[in-house]
Amino acid sequence: MELAGDEIDRILDSWPVARLATQRADGLPSQVPIVFARSGERLWSPIDGKPKGDGELARVRNIRARPGVSLLIDHYAEDWERLWWLRVEGVAEVICPSDLEGDAEVAGAVAALRNKYPQYRETALFRGVPTLVAVRPLVIRSWRAGVV
């Protein structure tokens, strides 16, 4: 059974974490948990100030080379009637805005991320050069066992 449209909207607006799948140069998938916020027609994720390795992140390299991505959002419960998942298949873009305030779309994404995650009061929203991953959903698929 699929999730209803209002359930999908609620999840995309409020769920705290998703798994981003990209494709590596060797064709194998690469998956990483991300935070994200919906703003406009896209889902946005920052390359933020949480500790990471040095250099450009694999997800950024992968998206620049192969922009097709998948986001998986899911819920597990001991009561299997409450299981569900939501998969967003889309095209991603790496955006490095020079003016966070001057671009209305980017400003909206930054505001949505800060509103959704109070942790960004303590953790830098960006690591070094401001970098965002923007995913334009093409297909949204879902499943639920029963009650969400």
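Because the model is predicted, local features need pLDDT of at least 70 and side-chain atom pairs count only at pLDDT 80 or more, while totals for chains, interfaces and linings use all residues. Residues are numbered from 1 along each chain as its sequence is written, and side-chain values use heavy atoms, with hydrogens and water left out.

An open sheet of seven strands, with antiparallel pairing, has the order β2-β1-β5-β6-β7-β4-β3. At its edges stand β2 (29–34) and β3 (37–39), each with a single partner strand, so one side of each is left without a neighbour in the sheet. Neighbouring strands are turned by 35° against each other on average, direction ignored. Here strands (E, at least two residues) and helices (H or I, at least four residues) are DSSP runs, numbered from the N terminus, and two strands pair if DSSP finds at least two bridges between them.

Strand β6 (residues 84–95) runs antiparallel to β5 (residues 68–75), and eight bridges join the two; Gly 68, for instance, has Val 91 in β6 as its bridge partner. Between β6 and β7 (residues 132–144), also antiparallel, there are 12 bridges, with Glu 93 opposite Ala 134 and Ile 95 opposite Leu 132.

Helix α2 lies across β1, β2, β5, β6 and β7 and runs at about 55° to β1, whereas helix α3 (residues 104–116) packs on the sheet by touching β3, β4, β6 and β7, its direction making about 145° with that of β3. Contact means heavy atoms within 4.5 Å, and angles run from 0 to 180 degrees between N-to-C directions of axes, which are lines fitted to C-alpha atoms, for helices over the stretch in contact.

Ala 18, in strand β1 (residues 18–23), counts as buried because its relative accessibility is 0%, buried being under 20% relative accessible area with a 1.4 Å probe and protein chains only. Leaving out residues up to four places away in sequence, Ala 18 touches several residues, including Val 32, Phe 36 and Leu 71.

Arg 42, in strand β4 (residues 42–46), is also buried, at 7% relative accessibility, and its side chain makes a polar contact of 2.9 Å with the side chain of Glu 105. A polar contact is a pair of N or O atoms within 3.5 Å; within protein, one must be able to donate a hydrogen and the other to accept it, and residues adjacent in sequence count only if both atoms are side-chain atoms.

Arg 59, in helix α2 (residues 58–65), is buried yet has no salt bridge, and the nearest side chain of opposite charge, Asp 48, is 6.8 Å away. A salt bridge needs a side-chain nitrogen of Lys or Arg within 4 Å of a carboxyl oxygen of Asp or Glu; Lys and Arg count as positive and Asp and Glu as negative, while His and the chain ends are not counted.

Terms used
Buried means under 20% relative accessible area, exposed over 50%, partly exposed in between (1.4 Å probe, protein chains only).
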